[in-house]
2 protein chains.
Amino acid sequence: MGYTYRVSDAVVRRLPMYYRQLRELESRGVARISSRELGEQMNLTASQIRQDINCFGGFGQQGYGYRVSELRSHIAHILGLNEEYHVIIIGAGNIGRAVANYEGFAQEGFRVRAIFDANPMLVGVDVHGLPVQSIERLGDWMSSHKVDIAVIAVPAKNAQEIADMVMRSGIKAIWNFAPIELHLQKGCVCNNVHLSDSLHILTYRMNEDALFEEIDRARQEQRQIERGLGMMDV
Amino acid sequence: MGYTYRVSDAVVRRLPMYYRQLRELESRGVARISSRELGEQMNLTASQIRQDINCFGGFGQQGYGYRVSELRSHIAHILGLNEEYHVIIIGAGNIGRAVANYEGFAQEGFRVRAIFDANPMLVGVDVHGLPVQSIERLGDWMSSHKVDIAVIAVPAKNAQEIADMVMRSGIKAIWNFAPIELHLQKGCVCNNVHLSDSLHILTYRMNEDALFEEIDRARQEQRQIERGLGMMDV
């Protein structure tokens with residue numbers, strides 16, 4: 001299929017939400033759920049849920065609802081969560097450490113194999129049981145270890161250079177925390193966690209009502225001016 | 001306007017990207033940019049950019065492009081970034097600390113005023129110049145301080161309880177890092193950073209080609225079976 005995406009971004013973004021919700025239901029011992037109930041819990045319509053799931057070849061809902069654990073495992077398979085992933089982290093600052101120490105990581109099959117930083121002061125420091133290595137060792141290290149995912153947790157100004165470096169070493173997946181859009185080589189996928197973007201969306205939502213009151217007022221004034229000018233034309 | 005959103009999520013999600021790109025252009029001394037050029041840099045079409053900007057009452061592009069710094073400041077205004085925000089962080093684990101120490105925070109007007117944790121071992125520990133306070137002090141503290149944004153960086157199982165607590169104290173905005181969807185009181189907005197969701201989208205993208213080869217194969221087999229059954233009917 002090459003590198004064109006087969007399913008819309010909106011659907012893909014919902015997949016991890018299904019996975020979370022189903023895992024939650026499973027942990028509460030819920031065996032079956034209808035698309036209607038699942039929809040109510042997730043603020044989606046039943047038909048949206050059925051459509052989303054059908055994007056991936058369908059999954060029988062036989063009138064009496066989905067089997068929770070089967071659907072959870074089906075979605076885990078879609079998300080590629082039945083694999084083991086070897087992960088390296090570049091950047092041992094707060095974000096890099098938070099990722100290294102991220103609880104769910106290990107139990108979901110993500111194995112942090114190494115962590116690198118450019119700051120000599122951090123080299124040798126223990127992060128989640130691993131000594132931080134000098135960024136200068138990155139190329140060598142990668143040539144002798146299997147790595148599936150590179151986490152980029154360096155400042156924006158260094159991120160592309162690091163991305164180029166890991167892609168040259170054959171990395172096919174980047175989890176990027178630097179606040180830039182990386183230029184990717186063909187065959188490499190990337191997902192971003194842009195903290196400041198998320199925060200800015202929050203401040204937008206906080207101010208949305210006031211903003212549109214202002215915009216509506218300006219539009220109204222504009223209309224009055226235009227009407228006034230129209231009258232003068234007469 | 002109440003609490004119905006005025007602009008689609010997709011547009012809102014692009015606003016911080018415009019802001020980032022324009023800030024980058026401004027820092028490189030670029031004074032003007034056409035919607036075509038901006039689009040090329042951001043992987044969007046020129047008309048999409050013009051439409052997005054028009055959602056907010058329009059912003060003249062007079063044939064010769066946008067003035068970069070004016071458009072940047074217009075978008076900053078839309079995003080509510082010309083205000084000062086008082087922030088508290090609940091949870092002094094890795095994520096809470098990463099947020100407290102997040103570089104751009106202060107220069108964008110976000111002031112971290114207090115950080116709380118339920119773990120007595122962490123109380124008194126210095127995080128970004130602030131002593132971690134006991135979660136038991138949260139209610140009292142909020143009743144005597146102005147707080148605009150509560151960052152929730154606690155485990156999933158405690159997140160709703162904390163959210164309810166801060167909403168009772170009048171919080172109108174939550175930046176949530178716990179991997180759940182919070183139930184919000186009317187008038188409170190929330191944006192989530194779901195790290196595991198982001199990681200799962202990455203693993204989905206890593207496995208998408210193989211997944212659809214498998215789905216296509218299954219569909220083909222299904223069709224062959226149906227055709228076989230059809231022939232037997234004849």
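**Exercise 1. Work out why the two copies can be said to meet through the same surface.**

Solution. A note before we go on: the model is predicted, local features need pLDDT of at least 70, side-chain atom pairs count only at pLDDT 80 or more, and totals for chains, interfaces and linings use all residues. Residues are numbered from 1 along each chain as its sequence is written, with chains lettered from A and ligands numbered from 1 in the order in which they are written.

**Exercise 2. Find which rotation and shift superpose chain A on chain B.**

Solution. Superpose by least squares on the C-alpha atoms of residues with pLDDT of at least 70 in both copies.

**Exercise 3. Describe the side of chain A that touches chain B.**

Solution. Count first: 52 residues come from chain A and 52 residues from chain B. Next, the elements of chain A giving two or more residues are α1 (9-27), α5 (94-100), β9 (173-176), β10 (189-192) and α9 (195-233). Helices (H or I, at least four residues) and strands (E, at least two) are DSSP runs, numbered from the N terminus. Of these elements, α9(A) gives the most, with 20 residues.

Technical notes: Contact = placed C-beta atoms within 7 Å.
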